[in-house]
Amino acid sequence: MPRISHWIVRRLSHLDGILLTLVLVLLGISLAVVASASGQSPARISGHLINIGLALGVMVVMANVPPHLLSRVGPPLFFAGVVLLIGVALFGEVRNGARRWLNLGFVAFQPSELLKLALPLMLAWYFQRNEAVLRAKHFLVGGALLLLPFLLILRQPDLGTAMMIGASGFYLLFFAGLPWKVILGGATLGAASLPVVWGLMHDYQQRRVLTLLDPTSDPLGAGYHTIQSTIALGSGGLFGKGWMQGTQSQLDFIPERTTDFIFAVFGEEFGYVGAILLVVLYLAVVARGLVIAARAPTLFGRLMAATLSLNLFTYAFVNMGMVSGILPVVGVPLPLMSYGGTALITLLLGIGILMSVATHRQLMTR
Amino acid sequence: MNLATPLKNLDRELARFHRRLKVGAAFVALLAIALLARAYYLQIVQHEHYIQRAESNRISRVPTTPNRGLILDRNGRILAENYSAYTLELTRAQTENLEATLAEVGKLIEITPGQLRRFRRLLAESHEFETVPLKSRLTDEEVAVLAANRYRLPGVEVKARLFRNYQAGPGMAHVLGFIGRINDGDLKRLREDGREQNYKGSAYIGKTGLEQSYETLLHGRTGFDQMETDASGRAVRMLSRIPPVPGRDLRLHLDVELQAVAEHAFGDYLGGLVALDPRTGGVLALVSKPGFDPNLFVDGIDPETWKLLNESPERPMVNRVLRGIYPPGSTIKPFMALAGLELGLRKPADTIVDPGFYSLPNSRHQFRDWKRGGHGVVDLRRSISQSCDVYYYRLAVDMGIDRMHDYLAQFGLGEKTGIDLDGESSGLLPSRDWKQRRFKQPWYPGETVIAGIGQGYLLTTPLQLATAAAILANGGERVEPRLVQAVRDPRAHTWQPLPGGVRGQMAIAPANLAVVRQGMMDVMRPGGTAARSAAGAPYTIAGKTGTAQVVGIKQGARYEASRLSRQYRDHALFIAYAPAENPTIVVAVMVENGGHGGSTAAPIARAVFDYYLTGKRPGELKLEVESAAD
């Protein structure tokens, strides 16, 4: 028996106390908000609890995987993902006008989800291999590795996911030392090509952007989500209407209020004070992640920790920006808050990697 | 390869990484600030705006329509009431195929062609999402059949509604008017008056008659239930309730039995009659024949019936008492006589010799008296009782048209009486100015002559004649006619009297008025033009007959009623009050194509007086109007 408890203590010793506390507080809030948003639906609450349990389990497992082992998973995972994306392009299932799903017979899934982790892993592995001899060609290869899945996802089409995956790849290149000249040059080029991009965008994508600029132009269609979520947020005021007291939330005015639009429920019931608290919690997670990155002994660890931290905040920003009406409506859940197993597991997997980086101090072996 | 280079690179790369971490942190901070700034704008700056939008999202106001007020006669008999019944209604937007649905409904219950026509007309006037009644007053069996088949008839509904019923019949139609469905024109008017809110949920509005003029009181105030509703519009709970205030009940001066007596007295004749209480102006009876069934209009009239009513040569939709304008003929004479006395142009004992005609100085044109050969020696009283034309030709010429205009204007001729019904005509009281303005022509002396006997440009409504006669009867008080004497809040059960309108007191020398009134009493005595109509009355009557020409008579020709087809015969006029010493009722009668006032119009007035003053009613007349439980 002592051996088993010793084993458990060793496994748990790989958890990072600060991150764990922050994650648990966020998940606690999430549980309360999901309970309110679902109208205290027992099925939703228990489902959410199961998801949280599973995700925390995944986190503990990942925290115990040493970074050098993890880095080896990068290339096969990445290429598998790309192959699957090509498979989607050739044989994928069309849902809602986009070819995003791959039906493997027993399960249908979106390979683009896989790339959210596989791309940073692949790039971090690549830069780790070329540590200390980094030159322009490595960034060119890195850029090519980024563009391959990005373009494949973009033409599904799934602009939201493509942007998120593109962002994670970019963060990694950025932390790996992508020259400022390239960054600024690329930004300028991007801005200049905006009209061309607009022309290449699909109708529904253009409509989303237009709706963002003026939600009232389509109050019952695409604008409805944004209108109702901004009303929910705005009517929350400084302190909010109180838990389970949000009229927009409780009377079904907010669509998808346990998942993508959960921030509207939260903002309505807990107000501006609640919003500040939530943003501060996310900032604390990011801060802890960056500290872990700064202290990480290997380049792989540094790059992964920094990228995952920024990635998490990007997801939070895109979701809250969409709910509060400053970004177009894209299907991005709010990290650690939205109901939904896949997203939660992917996120805590990332947190687990952060913890692994934090607690595995030995240098990587080549 | 020098080992120092990678190591140096390693240090450089680590330092760069740490710099980049700071940039990353700054980037995240920037995003966080952007988010919080946006949240600040929404939740603090715009909070009031959004809280209102959230409230209007969640709260819906459901109107509750007030019950419309009843209309009762002076004795509490119900003239207009409400009853609830089931109607079959269709919403075009919800039917898959309107024609198929109609055919299907037609198989289940009987739909008459008239109902179908009416439905199509209403459909054409309404919006796609409005419900339009197809058949009202469904029987219990019809309701059951429709309810059983509702599932296969989308857009078809059976609704319980309050209906207006006018049980007093066509005779009261011109007084009560009717309500009808609110149309675009009504809606526009309501919006302009700011009354639109009060008609949320109301389907009907008063269109004519009392229903129109007392619409505000009859309608009441719409109540509102504040309901909390979810996004799909389902009511979750009631938040607050403003109950509706029911419409006021109206109690009329009018006696529905007197009305029936008067209508009956017309026999086959068409025309108008109005009876007033000269002390208050209260309208005791108001008959315009023919009438129509106001119930036809409540749910929208079908186009064919409407065409029939509207294009009938008898013009049943025109209220003759208010809108029928006729030359007053000889009924103007008592007023002319009073003018002559008051203006000092005549003394009661002044006489003329009537040769049967009158000519203006230096003119060969003869203005004839209605009596060939004339009336001989005539003083003022005789001029009234005999209706001597030549007396008034001369008086008019002595007076001049402008003084005539000014004096008669005091009796309210040429202006609206102010009765509490819409649409009355103001008639026409001519003057030199008026003619100049209207025709750009000077006034001719001959026009003054005929104005003296109520012919020419002068036009009056029966109501104006009655109001003017009331002034003679009550000693100079200018009362406004009123139909409604009191209103009642049905919850309070107490009647509040509505004060009648008074337009001031005419200063008339009592002696002058007495002479004119004597003349009018002489009319009803042996030798007077309406003596027969007063025979055997246990009270005294004062009156004046008149004839309004329908066709002009050529110079030198004679008017022979027997030779003219009925529609070209003169209209018979009669004004009277009784009891002559202390009048309690004034009547003005106009009988279309009735010929002489004395022979057709006066007997009608007599019947009204008999009933009002002695309770006598024609044996064959039955009344079936139920009394309201007070």
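Two strands are said to pair if DSSP finds at least two bridges between them. Helices (H or I, at least four residues) and strands (E, at least two) are DSSP runs, numbered from the N terminus. The model is predicted: local features need pLDDT of at least 70, side-chain atom pairs count only at pLDDT 80 or more, and totals for chains, interfaces and linings use all residues. Residues are numbered from 1 along each chain as its sequence is written, and chains are lettered from A and ligands numbered from 1 in the order in which they are written.

**The sheet**
- Strand 22 (residues 571–578) and strand 23 (residues 585–591) of chain B pair in the antiparallel sense over 7 bridges.
- Within this pairing, B:Ile575 stands opposite B:Ala588 of strand 23 of chain B.
- Both belong to an open, antiparallel sheet of 5 strands in chain B, ordered 12-11-23-22-21.

**Two packed helices**
- The axes of helix 14 (residues 333–342) and helix 21 (residues 510–523) of chain B come within 9 Å and cross at roughly 155 degrees; axes are lines fitted to C-alpha atoms, for helices over the stretch in contact, and angles run from 0 to 180 degrees between N-to-C directions.
- Helix 14 and helix 21 of chain B are therefore roughly antiparallel to each other (angles under 35 degrees count as roughly parallel, over 145 as roughly antiparallel, 65 to 115 as roughly perpendicular and the rest as oblique).
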